[in-house]
Amino acid sequence: MEVRAAVLHEARTPLRVETLTLDPPRAGEVLVRVAAAGVCHSDVHLADGNLGEGRWPTVLGHEGAGIVEAVGPGVEGVGPGDPVAFCFVPPCRACDPCAAGRFNLCETAAAHAWTGTMLDGTTRLHLADGRPVQHFNFVSCFAERCVVPLASAVPLPPELPLWQAALLGCAVVTGFGAVRNAARVAIGESVCVIGCGGIGQQIVAAARMAGAGRIIAVDRDPSKLALARSRGATDAVDASADDPRAAVRALVPGGVDHALEAVGSPGTIRLAWDVLRPGATAVVVGIAPRGTEVSVPALQLLSEKGLRGSYYGSGNATLEIARLGRLMADGRLEVADAVSHLTDLDGIEDAFGRLRSGSGARTVAVIDAALASAPERLDAAPVSA
């Protein structure tokens with residue numbers, strides 16, 4: 001079938017919305033009509049060439065939700081008409097990381113994601129002249145429809161608005177997983193969240209739900225800090241006006257129990273290290289461009305401070321997306337307030353510009369307005385899911 005999609009033809013060039021050919025799903029695959037897609041910094045990193053060369057032409061978009069239209073042979077558990085969110089690491093459950101329960105680090109999924117193919121090593125997308133188009137993390141949901149592996153289609157409660165569910169497969173599961181699985185925040189502990197964009201806002205909410213006693217939000221944008229406060233931050237540090245290290249240390253003189261970084265720059269990663277108490281660990285959630293290096297004072301390792309990464313929530317994303325979706329549907333988890341802009345396929349390039357400049361929180365591209373159930377304006381958005 002033919003579908004409209006936002007195509008990246010080369011790094012550091014604007015997306016072009018054009019018509020592609022999408023092949024039907026093969027064995028173990030699902031065809032989804034996309035309702036909405038979140039616009040994430042990872043999309044920008046690939047568009048800017050920060051995740052490797054030769055990864056184009058491609059259709060970006062790895063965070064979204066839609067309705068199943070058809071399934072390939074052997075598919076069970078979902079069928080036409082079912083709402084789903086996308087999981088961009090479909091675990092094989094056979095490699096060593098999967099056998100150890102580290103499904104987010106599946107070697108099989110990583111190998112095919114890097115080459116831009118489906119799990120069988122081929123693509124379902126083609127340009128008008130027949131040339132193949134790469135998939136981005138199996139999803140490529142900056143398009144009217146996409147074909148994904150069965151493990152990438154996570155069933156959702158039918159009452160959940162899909163424009164909000166679109167955030168589940170990256171921002172929400174990444175932020176909540178970083179708090180729950182990587183940092184393991186306990187009741188009453190202090191947490192510093194560095195970078196309050198789309199994922200940082202979810203980290204703030206997750207820390208609040210985990211029972212953190214003090215949540216310090218750090219950002220350069222006053223509007224993001226205000227949003228973080230509304231989502232549970234007890235303190236806000238404007239990094240453009242203050243020395244953020246001194247400001248955090250003034251709030252928690254001995255250093256915080258947890259620092260979670262959601263930017264991916266050497267300066268903010270070092271800041272996460274600097275605000276820790278002895279024995280604590282900084283968790284880096286932000287993705288740094290290829291070639292970036294970070295240094296820390298080696299002598300401070302004597303204090304048993306640690307630095308670790310967290311990728312895709314550091315857990316079983318398929319299971320956790322489903323559970324978080326249930327919380328959203330029950331009104332116990334709010335995400336609508338973390339969306340700063342609504343757009344469409346033609347507006348995704350502008351959303352990339354906002355991400356590059358650090359303005360706004362999450363943009364959601366409404367691909368099918370009837371399916372997405374999105375408000376016409378964000379100030380008309382419901383207070384809860």
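1. Arg180 is exposed, with a relative accessible area of 52%; here exposed means over 50% relative accessible area, buried under 20%, and partly exposed in between (1.4 Å probe, protein chains only). The side chain of Arg180 meets that of Glu320 in a salt bridge, 3.1 Å from N to O, a salt bridge being a side-chain nitrogen of Lys or Arg within 4 Å of a carboxyl oxygen of Asp or Glu. The pair links distant parts of the chain, 140 residues apart: Arg180 is in helix H5 (residues 168–183) and Glu320 in helix H10 (residues 317–329). Glu320 is buried, at 12%.

2. This is a predicted model, in which local features need pLDDT of at least 70 and side-chain atom pairs count only at pLDDT 80 or more, while totals for chains, interfaces and linings use all residues. Residues are numbered from 1 along each chain as its sequence is written, and side-chain values use heavy atoms, with hydrogens and water left out.

3. The protein has 12 helices and 18 strands. These are DSSP runs numbered from the N terminus (helices H or I, at least four residues; strands E, at least two).

4. A compact globule of 385 residues would have a radius of gyration near 21 Å, and the 20 Å of the protein agrees with this. The radius is taken over C-alpha atoms, and the globule rule is 2.2 Å times the number of residues to the power 0.38. Buried residues make up 58% of the 385.

5. Of the contacts (heavy atoms within 4.5 Å) with a separation of 6 or more, 70% are between residues 24 or more positions apart.

6. The salt bridges number 20. One of them joins the side chains of Glu29 and Arg124, at 2.8 Å from N to O. Glu29 lies in strand E3 (residues 29–39) and Arg124 in the loop between helix H3 (107–115) and strand E7 (125–126), so the pair ties together parts 95 residues apart in sequence. Both partners are buried: Glu29 has 6% relative accessibility, and Arg124 has a relative accessible area of 0%. Glu29 and Arg124 also belong to a network of salt bridges with Arg26 and Asp120.

7. Asp257 forms a salt bridge with Arg277, with the closest N and O atoms 2.7 Å apart. This pair links strand E14 (residues 256–261), which holds Asp257, to strand E15 (residues 276–284), which holds Arg277, 20 residues apart. Asp257 is buried at 17%, whereas Arg277 is partly exposed at 27%.
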